[in-house]
Every structure is written in C-alpha cells, then in structure tokens.
Amino acid sequence: MTTTKLLFTPGPLTTSAAVKAAMLRDAGSRDRDFLQTVREIRERLVALGGAASPNHAGEYECVLMQGSGTFAIESVISSAIPREGKLLVLVNGAYGRRIAQMARVHGIETETVEAPENHKISPEAVAERFAASRGITHAAVIHCETTTGIVNPIEEIGAVVERAGAVYIVDAMSSFGAIPLDLAAARIDFLISSANKCIEGVPGFGFVLARRGRLLEAKGRARTLSLDLHAQWAGFVSDGQFRFTPPTHALLAFHQALLELEAEGGVAGRSARYRANHTALMSGMAELGFDAYLAPEDHSFIITAFRYPEHSRFLFEEFNARLSQLGFIIYPGKLTAEPCFRIGTIGRLSPPDIEALLAAMRRVLGEMGVAPGVRAALERGSLDSMARRTTIGAGNPDKH
Ligand SMILES: Cc1ncc(COP(=O)(O)O)c(C=O)c1O
C-alpha cells in the first residue's frame, strides 16, 4: 500500500483531490468535447499572461507541448532561432545552464552572462554584453531560478533586450500562475511553463505563450520533428489537435486546475496562499536553527534553499528518508557552491501543512541527535534560550 505524501518540491507538486479525480475518465484525443477542453486551456493560459485584453487581442498564442517543461523549452530553443542566429543565455543557476547546454546540443552559437547563484541577473550587465558583442539575435532568462528561488528582474531585462532588437525568451516554469506577469509589458516573445507547477496540474506537458509574429517566423527553422513549435501551433490552428498523442488525462486534470486557480482569486489569490506558506516556513526554519542560502531580500515564496547545518550527525540522505517515511517530501539542492536542500512552498499546500512539515523535521532532527541551532546560539552566546528551543523531537508525539 502506498500512502499519499505531501510534496514540498519544485514539482511535481501536491494536487487537489478534484484535480486527481478529473483523470478518472478516458478521453478521445480527437473527440469534440476533448478538443473544446484543449481550446479552453489555451485561451485561459493566454489570459493568465495578461494577453487577452482588447489591447492585446490576437497578439499572443498558446502552444501546448507534450513532455516535461524541459521539452517545451527545447521546442522554443530549437525552433525559434535561425541557423545564423546567436543566443545569449543569462545564467544564475542550474536551469539557465541547462538552456545554454541545450542550445549547444543543437549547434546554436551561444554566449552567456553569468552571475553567482545568490545574485539576480543585472539588466546593466545584459546591456553591456549587447553593446560589446555582435550578432546576438535571441536572449533567454529564467524568471524564478528554482535552484535557489531567486527571481530575476524580467521586466527590466526585457526592456534591454527590446532596445537591442533581440527576441526575448523567458523560462517561467516555476513562477507562472503565482507571480503576476504581463507578457506584453515585460516585452516577452516566448514564455515557457509547465502543467505541474503553480497552476497545480499533474505532469505530462508544458506550454509556450508566444507572440504570433514570432511563431510565424519559426516556420521551417525547427531542428527536430516532434518539438517543432511552429508545426505544433499550426496543428492547433488548423484542427485544434495535438500532432501526436496528447497526455489526455493530464489535460483533463489541468482544466480542473485552471478552474481552481480562478476560484482561488487567480494569480493574486494563489500568490497570497504561497506567500503565507513561505512566511510560516521561514519563521519555523529559523526556530529550528536552519540558515537560508539567499539574503532575506532575495527570497521568493516559491522555493527556498537551506544550508546543511554544521553538525556531524546531519546527513541529508537520512534526514530526507526519515521525512519521507513520515509523509513529507523535500528536495535535494542543485547549487554548485554549497551543500543545501530545498523546500518548496507551492502546490496544494497551506500553512497548516507547513506547520506539519516543521513538526516532522523537529521530530526527525531529534531522532538523529541533531540540533542545528546550537552552533549559531553558541556563537551568539545565548545557549540558555537555545536549550529551550532545541528540545527537538525526542518522544514528541507529532501527528505526522
Ligand atoms: C525554472 C525551471 N526551468 C526548467 C525546469 C525543468 O522542468 P522539467 O523538470 O519539468 O523538465 C524546472 C523544473 O523545476 C524549473 O524550475
């Protein structure tokens, strides 16, 4: 028997019962009702990007792409950039590095502007690169770099990219649906996200919100058959269908997830819940003595990286496995610089779930004999108050 666990990860995420239940029927991929669902999903996604208003009617299109989020990014990178094009990738974490890597796999001339993982990409550095380097046709950046949770200033960077006359690609995988975003105001040509992030669907496909004109330019540029973004779009326009077998169940679940997003008050309502999750997490983790990797002003409410405590008994693998046994899934780190683990605050979670996770951590740390705050307290000379705070676990009948 498998038990349901709560996912405090960057995705796949915890989903609602109704989202899971929406998958309990089969749908014909060419059936009228299913095609209506697909059409509605595409329209709702364009509206979420702020591009359904009369000012922007018809300016942006939504292309759904089978596979995980990376497939959707690769469909943009391998379809949008012409043979003689050059891509500038703005890198401050693993997902930026991945875009540079995929461009190189496709033989695309690529440059990077790199920032440390705990720094935002600076629009000035991007402008300097455009001034110093010839021939850049496209620029790509990650909105929320899920490696750390840092949020890059995509609006300011968009203005720089537009001034340079380049095409702007934004990976908003872990932010779309939770951090308010206006495609046109940020000058975005291609935005990519996926079903199993902040819209709270299940994995199975990603989506691209693209300017219509940029999609038309992409005709004939694709370097692969299955990830050809223009051809995929043309399929939706001509008969409303996916070119190849769609993840029907995931699409049914996603439609339900979009209704739930609307019922929660849209992006504003969702971000309020995620922000409350993050606030609860940060105060609880500070109580437990964990140290966040980013400076407080750089935190987002999406995901947070915490340093391993300097304690000889702390082994992340054990910590992780014990939490999993109690029904809580956290996430290993992806940082190059420091050993960290990550805790996501997105998905169908609310502050009581965060409190339950914190209680489980307290218990597990107690069982492992780790009191992560002790060292910091010694340094601050406040062992007495620490002793009160770190009576962690040991027989504590936490409910999870
Ligand atoms: C910012 C960002 N880009 C890309 C990806 C890759 O998405 P996937 O794992 O669905 O391929 C992720 C996954 O978390 C992400 O957070």
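Predicted model: local features only at pLDDT ≥ 70, side-chain atom pairs only at ≥ 80, totals over all residues.
Reader: OK. Which domains does the chain have?

Author: Domain 1 (19–263) and domain 2 (266–389). Such bounds come from an automatic or database domain assignment. The C-alpha centres of the two domains lie 31 Å apart.

Reader: How many residues make the contact?

Author: Domain 1 gives 23 residues and domain 2 gives 21 residues. Contact means C-beta atoms, placed from the backbone, within 7 Å.

Reader: Which elements supply the domain 1 side?

Author: Strand S7 (150–151) and helix H9 each supply at least two residues there. Helices (H or I, at least four residues) and strands (E, at least two) are DSSP runs, numbered from the N terminus.

Reader: And what classes of residue are on that side?

Author: Ten nonpolar, eight polar and five charged. Ala, Val, Leu, Ile, Met, Phe, Trp, Tyr, Cys and Pro count as nonpolar, Asp, Glu, Lys and Arg as charged, and the others, Gly among them, as polar.

Reader: New topic. How many residues has the largest nonpolar core?

Author: It has 119 residues. A nonpolar core is a set of buried Ala, Val, Leu, Ile, Met, Phe, Trp, Tyr and Cys residues joined through C-beta atoms within 7 Å. Buried means 20 or more other C-beta atoms within 10 Å of a residue's own; exposed means 12 or fewer; partly exposed is in between; these C-beta atoms are placed from the backbone. Leu90 and Ala139 are among the residues with the most contacts inside the core.

Reader: What does Ala139 touch?

Author: Leaving aside neighbours within four places in sequence, Ala139 is in contact with Leu88, Leu90, Val161, Ala166, Tyr168 and Ile169.

Reader: Is strand S5 (138–142) enclosed or open?

Author: Largely enclosed by the rest of the structure, because five of its five residues are buried. His138, Ala140 and Ile142 cover one side of S5, with Ala139 and Val141 on the other.

Reader: Which strands pair with S5?

Author: Strand S3 (residues 86–91) pairs with S5 in the parallel sense over three bridges. Five bridges join S5 to strand S8 (residues 167–171), also running parallel. Strands pair if DSSP finds at least two bridges between them. Leu88 stands opposite Ala139, and Ala140 stands opposite Ile169 in S8.

Reader: What about the open sheet of three strands?

Author: Its order is S11-S14-S13, with antiparallel pairing. S11 (303–307) and S13 (331–332) stand at the edges, each with a single partner strand, so one side of each is left without a neighbour in the sheet. Two bridges join S13 to S14 (residues 340–344). Tyr331 stands opposite Arg342 in S14.

Reader: Where is Leu294 found?

Author: In the loop between helix H10 (266–288) and S11. Leu294 is partly exposed, with 18 other C-beta atoms within 10 Å.

Reader: Last one. What surrounds the ligand?

Author: The shell includes Pro10, Tyr95, Ile142, Asp171 and Met173. Near means a C-beta atom, placed from the backbone, within 6 Å of the molecule or strand in question. The shell divides into four nonpolar, seven polar and one charged.

Conventions
Residues numbered from 1 in each chain as written. Contact = placed C-beta atoms within 7 Å.
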